[in-house]
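Have a look at the structure first.

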Amino acid sequence: MALSNEILAALNHPVLVIDEQNVLVFINDQARQILGLPRSEPLSLSAALKPLARANGRPVQPDDFNTPSPLAVRTHPDSAREQAFELRCTRLSDGGRCLELLPAPQHAGVPLDALTGLMERGQMLSLIGMKRQRGKGALVLIDIDRLKIINDYLGYHTGDRVIHELGHAFRRQLPPEVLLARWSGHEFMALVPETLIARTAEIADQFNHIAHTLPLAKELNLPGGQLSLSVGFTRFAAEHSHDAARDPLTEVNAAVYEAKRAGRNRSIDAQHLSRPSIYITGGTLETALVEERILAAVQPIVDLKTRQIVADESLARMVTPEGRIIAAGEFIEAASALQLAHRIDHRIIKQTINYCVTSHFSLPRAHFVNISGDFLRHPELIDDVIVTAMTACGCTHPDQPGDRKVKPLVIEMTERELVYDIAEAFTSLKPLVDFGLRLALDDFGSGYSSYRYLLDLPFHFLKIEGELVRHVTTNPKARKIVQHIQQMASDMELTTVAEFIGDEATAQCLADMGVDWGQGFYLGKPELIHNPFSPEPTTRQLWQGIAR
């Protein structure tokens, strides 16, 4: 051959070489990848050209190579790899010919990924769209675990080598019918054809097997000593089928998220997930925020001795366009993961301030409202809360007499929401504390850091963890723990609030222990302050009295 195989193999576009007798003597990896050909076994020229057709649909024949002009060709329309090319034929000195497939002018800006030799995201998206129009298939999304740690610890050149080695190993070891793409900086995507759908789970597991067997982890001394992947996969049918509403891209993203949450280094079938995709929930939540369908529901807090309402807690609810009310437990994880929690907190606090100002109670009442660690990282929202309170009610103005400096709003947080640096937490909370808002530590008894927060932050209220409260009448250990918490809180002059009170026996037991206040469905259920999306009016004068 007039051109060495090394030079030809280094080219980034598909290349075939034939001799004088039209025998295929060389084909590079790029040609095999684009044309969907086996990656190692010998091929005849007719087999190599089979995926190609002229613009008029006629198969490409050796006689077509005699024209001096580039030949317009494309892969067959029934192929998942349908693309347009210019076939250029160059006569070699030994009588053979070099055939180059170059992107057609309108597709010239879509090269292969330089680091891996795989197709890029845009090409894969087009192929997925075409495949969904025509038939069944499967998607596998592969995320490199802890690539950021590799980049930061060993340098980006090491991270690039990991990506390069994985990409080439995938190409060598996976079935040739599986299409591969570099999906993002740390992700790959695989499109599994209909003929291999039954093997989708096996193929998904194969990615981690390939990563584990690469000598890369030891050679590069990777943190943890192993290279692992979080893999999500799903199967899909044609867009005109009964499950066309499902979005396989969203599904594989959700499966990868679940794989990481479950410990990484595994593959997860998206169709076996027990809860909605965090991204679908996040999108629904974003829309609800824009359309102002995040509303506050208030639940009463009562004095366990007098059974009078002394406070209430504002809880976030999402109202669907159809009017269904969704509790925070169904969306708060997505809100935290997608950095939406601060927007929810801000919305609920402002509604609570308005509720405080416009409601008229026979006795003074504290209004508890939860905030997240995400909210503490937004000082502009903290400032807005203070301005809103000052504007809404004259009694909150800092120039008022000192006996009115303590405000009815109580900021409630759990230890898991506080930042690791307690000094940083106090710096964030200080404007609210200086303004006169009191602090409550929620879920006390559920974690190991609660006592340190009590030591360093100016809490006024201690909310006893609900699981302890649930078992206080049936489990002597739970009862002793609650008694200990109550004694400590009393010594520190903290007001205690027991959550999740479900019956009279529990309420009475807690009262006998000296617990100050109580909260739970037995004492009063949450009710929306106002629901503009419901045809039924919501009362604004809530729980004027509670039956004993």
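pLDDT is the predictor's confidence in each residue, on a scale from 0 to 100. That matters here, as this is a predicted model. The chain averages a pLDDT of 86, with 87% of its residues at 70 or more.

| Stretch | pLDDT | Contacts in the model |
|---|---|---|
| residues 396-404 | below 50 | eleven contacts |
| residues 538-548 | below 50 | 35 contacts |

On to the sheet. Six strands make up an open, antiparallel sheet, and they run in the order β2-β1-β6-β5-β4-β3. The edges belong to β2 (24-27) and β3 (52-54); each has a single partner strand, so one side of each has no neighbour in the sheet. From one strand to the next, the twist averages 30°. Further in, β4 (residues 71-75) and β5 (residues 84-91) pair in the antiparallel sense through four bridges. Val73 is bridged to Phe85 in β5.

Now the helices. How do α5 and α6 cross? The axes of α5 (residues 147-154) and α6 (residues 156-173) come within 6 Å, crossing at roughly 140°. On the α5 side, the contact involves Leu147, Ile150, Asn151, Asp152 and Leu154, which meet Tyr156, His157, Thr158, Gly159 and Ile163 of α6. By type, the residues of this contact split into five nonpolar, four polar and one charged.

Conventions:
Residues are numbered from 1 along each chain as its sequence is written. This is a predicted model: local features need pLDDT of at least 70, side-chain atom pairs count only at pLDDT 80 or more; totals for chains, interfaces and linings use all residues. Side-chain values use heavy atoms; hydrogens and water are left out. Two strands pair if DSSP finds at least two bridges between them. Helices (H or I, at least four residues) and strands (E, at least two) are DSSP runs, numbered from the N terminus. Axes are lines fitted to C-alpha atoms, for helices over the stretch in contact, and angles run from 0 to 180 degrees between N-to-C directions. Contact means heavy atoms within 4.5 Å. Ala, Val, Leu, Ile, Met, Phe, Trp, Tyr, Cys and Pro count as nonpolar, Asp, Glu, Lys and Arg as charged, and the others, Gly among them, as polar.
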